[in-house]
Amino acid sequence: MPYYPAELDSDDEGSIEYDWDNDSQPDLDDVYMGRTMGHLRLGGSTSGVPGTPPPRYSSVPTPPPGYAAGSLVTPGMQSQASIQPERQILSYLRADLCIEIADVCPRWLKQQKHVRDFVTCGLTCNEKLCKDGPSDTTMCTYCHRRLKVQGKDQCGQTCADKAKIACLLCKVRPKNGSYHFCGKACKGIATKSTPLILEIAKGHTSYDMVENKFKSGWKGGSPPPTIAKIFKIIENEEFLKPYDAYRKRVGPKENYLYHGTKRQCQLGVSTTKLCASSTCAICNILKTSFKVEIANPWGRFGKGIYTSSASNKAFGYSAGVMLLNKVVLGNVGQASGSSCPSGYDSVVYDPQGASNETILYTNDAIRPVFLIAFQ
Ligand SMILES: [Zn+2]
Ligand SMILES: [Zn+2]
Ligand SMILES: [Zn+2]
Ligand SMILES: [Zn+2]
């Protein structure tokens, strides 16, 4: 069967040589800090005193028109032409600064050993970056040191290439191989507030992978619909444990199958926040995963969880949203009756075709992995 490769999802954080710096590190070297501050006179301030924190932007005069209050801009400069060189110098200095400097970072100056590898000073600022996004949105979303090229999210081709394989959460470091995050720190932040849906930027390798599979799995007569957004679904260990145990017992082979569903809210369109409605199908699947108990008892092949390898088939049941799920089929029988025949774990109808239906009768056999939203 033309199922998906298992590497489509890796919930394990894997191992990585280095991770985000923990904040519980010795204080910054005062000499180094003072020397750097001596060269850095932001906002015309003369506070280049060793050990003195940089001025907060609230105390700086109103920035020139077109520049956000949080930007590293020297006030008083009027034209774009005169601002550019200043920005270039600041972009160079940014290698030494936590990008949260313009906001609330108390440690603003990164430790020397991490100057090239990290855009923030440590875990606290990384978490802020992950949750609120960068305070200066005019900067490249990957390096945060140079201005975005007009109409693009990055400063140039190098960062654009790096952004394609960036961690889905912090977006400023490469993801760890086939894993979705750069390391344990980002995984820890993401799994703190599950269920969570993380939008994957167009052009990211994970986006392309899901979109390409969707297109090649489309076997209907009409052309496939345009995908509006793709999200990675982040769940906690508790949510995934029963599936992993089932996979160990019945698998280990894993397949990736679609399930079209409905929503009562704007999830995936204008919000990433799940709604509280007990009848919103998409939000409830994300909260509890699929439940055979609440499945339609009059389903063609009985009360089960219906999935398909054909994206067109699942789309037929979808109203704006579709889930791409990891599934353990185990011993697959031929679908015929209205229940799972004994000796089998799942059944399949029209195995290769446009009408494929693959039915599971166990909650633990499936977990949602990606959310696909349509226009
Ligand atoms: Zn910081
Ligand atoms: Zn860049
Ligand atoms: Zn990360
Ligand atoms: Zn909802």
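Q: Where is the place of His144 in the fold?

A: Look in the loop between α3 and α4, where you'll find His144. The labels come from DSSP runs: helices are H or I over at least four residues, strands are E over at least two, and numbering starts at the N terminus. Keep in mind that this is a predicted model, so local features need pLDDT of at least 70, side-chain atom pairs count only at pLDDT 80 or more, and totals for chains, interfaces and linings use all residues, while side-chain values use heavy atoms, with hydrogens and water left out. Residues are numbered from 1 along each chain as its sequence is written, and chains are lettered from A and ligands numbered from 1 in the order in which they are written.

Q: Which peptide bonds are cis?

A: Check omega. From Thr194 to Pro195 the bond is cis, with omega near -5°, and Pro195 lies in the loop between α5 and β1. Another cis bond joins Gly251 and Pro252, with omega about 10°. Pro252 is in the loop between α7 (237–250) and β3.

Q: Which residues are the protein donors of the zinc ion (ligand 3)?

A: The general idea is a distance test: donors are N, O and S atoms within 2.8 Å of the metal (3.2 Å for Na, K and Ca), and water is not among the atoms, so sites may look incomplete. Here the SG atoms of Cys167, Cys170, Cys182 and Cys186 lie 2.3 Å from the zinc ion (ligand 3). Along the sequence these donors are spaced C-x2-C-x11-C-x3-C. Cys167 and Cys182 are 15 residues apart, both in the loop between α4 (157–163) and α5 (184–190), and both are buried.

Q: What geometry does the site of the zinc ion (ligand 3) have?

A: Tetrahedral, with angles of 102 to 114° among its four donor atoms. The test for that label is that four donors have all angles between 85 and 135 degrees; four count as square planar and six as octahedral if opposite donors are over 155 degrees apart and all others between 65 and 115, and anything else is irregular.

Q: How are the donors of the zinc ion (ligand 4) spaced along the chain?

A: The pattern is C-x9-C-x4-C-x2-C, and the residues are Cys265, Cys275, Cys280 and Cys283, each giving SG at 2.3 Å. The site of the zinc ion (ligand 4) is tetrahedral, with angles of 105 to 113°. Cys265 and Cys280 both lie in the loop between β3 (255–261) and α8 (281–288), so the pair ties together parts 15 residues apart in sequence. Cys265 and Cys280 are both buried.

Q: How many salt bridges are there?

A: Look for a side-chain nitrogen of Lys or Arg within 4 Å of a carboxyl oxygen of Asp or Glu. That rule gives eight salt bridges. One of them pairs Asp132 with Lys128, at 3.7 Å between the closest N and O atoms. These two are four residues apart in helix α3 (residues 123–132), so about one helical turn separates them. Asp132 is exposed at 56% relative accessibility, whereas Lys128 is buried at 18%.

Q: Which side chains meet in a salt bridge at 3.9 Å, N to O?

A: Those of Lys215 and Glu211. Lys215 is partly exposed at 45% relative accessibility. Elsewhere, salt bridges with shared partners join Glu127, Lys131 and Lys192 into one network.

Q: What about Asp161: which residue is its salt-bridge partner?

A: Lys164, with the closest N and O atoms 3.6 Å apart. Asp161 is partly exposed at 38%, and Lys164 is partly exposed at 37%.

Definitions and conventions:
Buried means under 20% relative accessible area, exposed over 50%, partly exposed in between (1.4 Å probe, protein chains only).
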